[in-house]
Amino acid sequence: MSIRFEWYDESKRAMRYVAAGYWNWKDYHQAVRAAAFSLTADDHPVDSVIDLRGSARPSLPAGASAHVRSFGRVTSARLTGRAAVIGLPAEEEDRLGLSPERTLPTSDGFVQFVESDMELAELLAEWAAYPPDG
């Protein structure tokens, strides 16, 4: 599988989906479905992290506008609808129509784009401190 999933850290408050090599949307959605089984272990909210830094693709696969919005899709009661993306190819930002804050609203929440591990860690810490209203 060209997309693997793992917990972001031992707190298990964020599931990370990591792209490797040449992947497509089917690979991503298969990983999301498989990860759903890992979400049943605890009873706290879980954010999503999509790490595209290992991708061999120069740009996102076709249909990115619709599929990127699925990053924040709530497919399990434990998911928050908040997703962070690291490693987005620069030319994709204009195509996706990101806000000045580098966010993209979704039907269930939003997707936030970050540039560094430090920015990602700060964002996840903020989200952990402010769980969504349920």
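The structure is a predicted model, in which local features need a pLDDT of at least 70 and side-chain atom pairs count only at pLDDT 80 or more, whereas totals for chains, interfaces and linings use all residues. Residues are numbered from 1 along each chain as its sequence is written, and side-chain values use heavy atoms, with hydrogens and water left out.

## Overall fold

The protein chain contains four helices and six strands, where helices (H or I, at least four residues) and strands (E, at least two) are DSSP runs numbered from the N terminus. Their order along the sequence is β-β-α-β-α-β-α-β-β-α. The radius of gyration of the protein chain is 14 Å, which agrees with the value near 14 Å that a compact globule of 134 residues would have; the radius is taken over C-alpha atoms, and the globule rule is 2.2 Å times the number of residues to the power 0.38. Along its principal axes, the C-alpha trace spans about 35 × 35 × 25 Å.

Of the 134 residues, 44% count as buried, a class that means under 20% relative accessible area, while exposed means over 50% and partly exposed lies in between (1.4 Å probe, protein chains only). Among contacts (heavy atoms within 4.5 Å) between residues at least 6 apart in sequence, 72% join residues at least 24 apart. The protein chain exposes about 7100 Å², and carbon and sulfur atoms supply 52% of that area, as computed by the Shrake-Rupley method with a 1.4 Å probe.

The mean positions of the 14 positive and 20 negative charges are 8 Å apart. In this count Lys and Arg are positive and Asp and Glu negative, with His and the chain ends not counted, and each charge is placed at NZ of Lys, CZ of Arg, CG of Asp or CD of Glu.

## Nonpolar cores

In soluble globular proteins, nonpolar side chains tend to be buried together. A nonpolar core is here a set of buried Ala, Val, Leu, Ile, Met, Phe, Trp, Tyr and Cys residues joined through side-chain atoms within 4.5 Å. The largest such core has 27 residues, of which Tyr17, Tyr28, Leu60, Val68, Phe71 and Phe113 touch the most other members. At least two residues of this core come from each of β2 (14-19), α1 (25-35), β3 (46-51), α2 (64-69), β4 (79-86) and β6 (110-114), and the largest share, five residues, is supplied by α1. Apart from this core lies another, of nine residues, including Ala14, Val114, Leu120 and Leu124.

Tyrosine 28, leaving aside its neighbours within four places in sequence, is in contact with Ile3, Tyr17, Trp23, Ile50, Ser70 and Phe71. Serine 70, in turn, is found in the loop between α2 and β4 and counts as buried at 16% relative accessibility; Serine 70 touches Tyr28 and His29, not counting residues up to four places away in sequence.

## Residues with positive phi

Most residues other than glycine have a negative phi. Lysine 12, in the loop between β1 (3-7) and β2, has a positive phi of about 55° although it is not a glycine, and this lysine is partly exposed, with a relative accessible area of 31%. Arginine 102 likewise has a positive phi, of about 65°; it is found in the loop between α3 (90-96) and β5 (103-105) and counts as buried at 15% relative accessibility.

| Pair | Separation along the chain | C-alpha distance |
|---|---|---|
| Glycine 54 and alanine 19 | 35 residues | 5.5 Å |
| Histidine 44 and alanine 31 | 13 residues | 21 Å |
| Tyrosine 130 and glycine 63 | 67 residues | 32 Å |

Glycine 54 has its place in the loop between β3 and α2 and is partly exposed, with a relative accessible area of 42%. Not counting residues up to four places away in sequence, glycine 54 touches Ala19, Ala20 and Gly21.

Histidine 44, in the loop between α1 and β3, is buried, with a relative accessible area of 14%. Leaving aside its neighbours within four places in sequence, histidine 44 is in contact with Ser11, Lys12, Arg13 and Arg78. Tyrosine 130, found in the segment after α4 (117-129), is exposed, with a relative accessible area of 60%.
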